[in-house]
Amino acid sequence: MASNSDARTFGSDSYDNAFRDSVENRESFWLTAAAEIEWSVPPTVALDDSHAPIYRWFPDGILNTCVNALDRHVTAGHGDRLALIWDSAMVGEVRRYTYAELLDEVSRFAGVLGAAGVAVGDRVVIYLPMIPEAAIAMLACARIGAVHSVVFGGFAAPELAARIDDAEPVAIVTASGGLEPGRVVEYLPMVHNALELAAKPPTAVIVKDRDEVPGSAADHDGWLDWDDAIADAAPVAPVMVAATDPLYILYTSGTTGKPKGVVRDNGGHAVALAWSMPNIYDIHPGDVWWTASDVGWVVGHSYIVYGPLLTGATTIMYEGKPVGTPDAGAFWRVISEHRTKALFTAPTAIRAIRKADPDAALLAQYDVSSLEALFAAGERLDPDTFEWVGQILGIPVVDHWWQTETGWAIAANLRGLAPMPIKAGSPTVPVPGYRVGVVDAEGAVVAPGTEGNIVIELPLPPGTLAGLWQDDERYRSSYLTAFPGYYLTGDSGYVDADGYVFVLGRSDDVINVAGHRLSTGRIEAVVAAHPAVAECAVIGIHDDLKGQRPSGYVVLKSGAEIEPDTLRAELVAMVRNEIGAVASFRDVTAVPALPKTRSGKILRKTMRQIADHEDYTVPSTIEDPDVLAALARQLGG
Ligand code: COA
Ligand code: AMP
């Protein structure tokens with residue numbers, strides 16, 4: 001078996017050596033990386049391949065992730081160093097926690113969880129906005145060996161309920177609500193609904209009361225108030241767990257409506273993230289690092305919380321938007337105020353800033369000289385945005401590619417090893433540990449420059465998914481069976497003659513809206529439930545700001561009489577109530593029929609090409625070419 005990146009020389013000695021070492025001396029490479037982590041029993045073996053294609057990392061290692069993120073820095077004498085800076089543009093407040101203070105909060109909240117009945121291996125759903133309590137709750141779970149599952153605040157009650165049903169948590173940790181520009185998002189009615197919908201609701205509900213949002217634990221029988229509970233709690237000691245024990249479950253969109261529960265282990269995760277901070281991001285103990293994402297996404301898990309704290313850096317947690325809170329200078333303010341060394345954000349945030357302040361006039365008001373690099377991921381960094389932001393900041397702009405499943409970068413320009421020349425539109429080269437390949441539909445490795453399915457040769461490196469929560473079968477069928485020996489990324493793209501990876505987009509029904517991953521299948525299921533809708537297709541079409549947005553095409557039941565505006569308003573409301581505002585569903589077009597193949601498959605790709613005014617060929621398998629032609633006329637394609 002071969003991958004496009006095997007035995008390649010890229011021209012940067014330190015990168016080439018690290019990559020080759022990770023492939024040829026895998027055991028020693030990862031055991032050396034593991035030495036950066038504090039273990040109660042250090043691993044003697046890196047990879048357990050006895051159940052291939054399902055692998056386990058550091059099978060005999062024992063550790064605690066919270067100890068590595070907090071205790072060991074305090075023990076080493078760095079208790080006074082800043083661990084977390086919470087900067088809220090929404091409430092105009094900055095709160096700072098040293099490592100010692102954060103450890104104290106986390107240890108006491110671990111006591112609250114224990115008192116609420118949470119034990120080793122139990123799940124805890126965390127449904128919190130971007131407040132420090134989100135990181136505290138995550139680390140407290142890690143401290144007692146519980147498994148957290150953070151649910152993004154933009155998801156509505158049914159999505160929260162679906163995750164509760166899959167993870168079967170003992171407790172849910174939430175807040176009275178979140179703050180969006182011009183609107184308060186009340187969480188408690190949603191939590192209440194989700195608990196009603198869930199088949200096995202958790203027994204404990206803990207609520208952080210925010211002054212800005214109505215509602216509190218007191219309004220609900222038996223719910224606990226965070227502040228009261230933590231005031232009485234005694235700090236608890238960490239519980240050591242096996243490296244292979246789960247640290248968290250994070251649900252992500254797949255091609256079906258049911259989200260996939262990506263499982264991350266403790267040991268491989270700690271080793272990989274600790275390796276990534278200096279080597280990919282050039283971030284070291286004491287450096288100030290800011291990931292402008294949300295703890296509800298994988299980027300937030302890995303690089304707001306775990307990565308920077310495992311390294312002993314200072315992490316910024318920002319509650320606000322790139323624009324409108326109060327203006328497009330918000331990011332520059334945060335960078336200058338906290339002397340930030342590097343920023344990691346999604347391209348859509350840069351596009352939003354550019355749209356609001358095309359000449360970057362607001363940048364001139366701030367001293368951002370501390371900033372050494374800007375990292376982008378979550379969606380393709382289009383060359384136009386790359387050029388603009390590189391030019392206004394005058395620092396390297398580093399695109400890197402990864403996904404919820406991998407938990408850290410698959411391809412990047414490794415700033416801590418000798419950086420490589422940047423090519424606009426490419427996240428550069430495979431990260432050590434990842435043997436990236438591009439294969440055709442039959443699984444044959446294609447020539448450089450030829451587009452195909454991007455795959456990663458097994459085993460994946462440490463820190464990547466251990467599987468899907470209690471569903472090995474779905475793990476295998478979703479990722480491992482399409483091309484035996486490889487992990488299927490679901491992305492298509494190519495590797496050029498210099499070994500640079502180019503990621504062009506998803507090859508499945510997953511779409512990426514403002515850096516948020518959504519399933520068109522899930523949106524279709526909601527739209528199809530409208531009483532006037534006979535059938536529908538939802539596709540991701542190009543959006544200048546958000547990269548993509550969902551666009552719905554509906555065929556009405558014969559005899560259904562509904563005004564287009566009413567239909568649209570009702571469908572938009574249904575998607576908002578069932579999935580959440582984050583779905584950004586606004587486009588609805590009624591069509592006489594949907595183009596299909598003779599076997600009844602909707603031609604979504606062709607529909608997308610027509611909607612985006614791209615060239616397309618009429619598939620030979622089409623059932624009725626007239627339907628496609630009519631759609632093209634209707635959409636002006
Ligand atoms: N809780 C509740 N609602 C939320 C939410 C949250 N945590 N996050 C977003 N929403 C809501 C928004 O308020 C908006 O509601 P609206 O339809 O009533 O306006 C809706 O979900 C869509 O949000 P979004 O797609 O984010 O669009 P936006 O217009 O509010 O903001 C950007 C656009 C580009 C400024 C914003 O998407 C952004 O900052 N993106 C950065 C992307 C990012 O961090 N991605 C994480 C992966 S790296
Ligand atoms: P998520 O799981 O939400 O992180 O989304 C992962 C998906 O986002 C990937 O499979 C890609 O389709 C896309 N993605 C993430 N980062 C990049 C990038 N740097 N370039 C292109 N696509 C990206």
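**Ligand 2**

A polar backbone atom of R380 sits 3.5 Å from a nitrogen atom of ligand 2. The model is a predicted one.

- E379 also has a polar backbone atom 3.5 Å from a nitrogen atom of ligand 2.
- From the side chain of N512, a polar atom lies 3.0 Å from an oxygen atom of ligand 2.
- Ligand 2 exposes 490 Å² when taken alone, and the protein buries 93% of that area.
- The number of residues that surround ligand 2 is 15, and the closest are H400, T404, D491, R506 and R517.
- By class, this shell around ligand 2 holds six charged, five polar and four nonpolar residues.

**Ligand 1**

- Around ligand 1 there are 23 residues, of which E180, R183, K546, R576 and R586 come nearest.
- The shell of ligand 1 consists of 10 nonpolar, seven polar and six charged residues.
- R183 contributes a side-chain N or O atom 2.9 Å from an oxygen atom of ligand 1.
- On its own, ligand 1 has 950 Å² of accessible area, and the protein covers 83% of it.

**Cavities**

- Five cavities of 30 Å³ or more are found in a search of the whole structure.
- The largest cavity contains about 130 Å³ of space.
- Its lining is made up of 15 residues, with Y55, W57, T464, L465 and Y475 closest to the centre of the largest cavity.
- In the lining of the largest cavity, 11 residues are nonpolar, two are polar and two are charged.
- The second largest cavity contains about 100 Å³ of space.
- It is lined by 14 residues, and those closest to the centre of the second largest cavity are E159, S253, G257, S519 and R522.
- Helix α6 (157-167), strand β29 (516-519) and helix α15 (520-528) are the elements that each give two or more residues to the lining of the second largest cavity.
- That lining of the second largest cavity divides into five nonpolar, five polar and four charged residues.

**Second largest pocket**

- About 220 Å³ of space lies in the second largest pocket.
- Among the 13 residues lining the second largest pocket, E36, R72, P285, L310 and T311 are nearest its centre.
- Two or more lining residues of the second largest pocket come from each of α3 (65-78), α9 (267-279) and α10 (298-311).
- With four residues, α3 gives the largest share of the lining of the second largest pocket.
- The lining of the second largest pocket has six nonpolar, four polar and three charged residues.

**Annotated segment**

- An unreviewed UniProt entry assigns residues 15-69 the feature "domain: Acetyl-coenzyme A synthetase N-terminal".
- In the model, residues 15-69 are 44% helix and 11% strand, and the end C-alpha atoms of this span lie 27 Å apart.

Conventions: Residues numbered from 1 in each chain as written. Chains lettered and ligands numbered in written order. Predicted model: local features only at pLDDT ≥ 70, side-chain atom pairs only at ≥ 80, totals over all residues. Heavy atoms only, no water. Near = heavy atom within 4 Å. Polar contact = N/O pair within 3.5 Å; in protein donor to acceptor, adjacent residues only side chain to side chain. Areas by Shrake-Rupley, 256 points an atom, 1.4 Å probe, with all protein chains shown as cover. Nonpolar A, V, L, I, M, F, W, Y, C, P; charged D, E, K, R; others polar. 1 Å grid on protein atoms, 1.4 Å probe; cavity = no way out; pocket = protein on both sides within 12 Å on 5 of 7 lines; lining within 4 Å. Points joined across faces, edges and corners; volume = space filled by probe spheres on them. UniProt positions renumbered as here; feature names shortened; annotations may be inferred.
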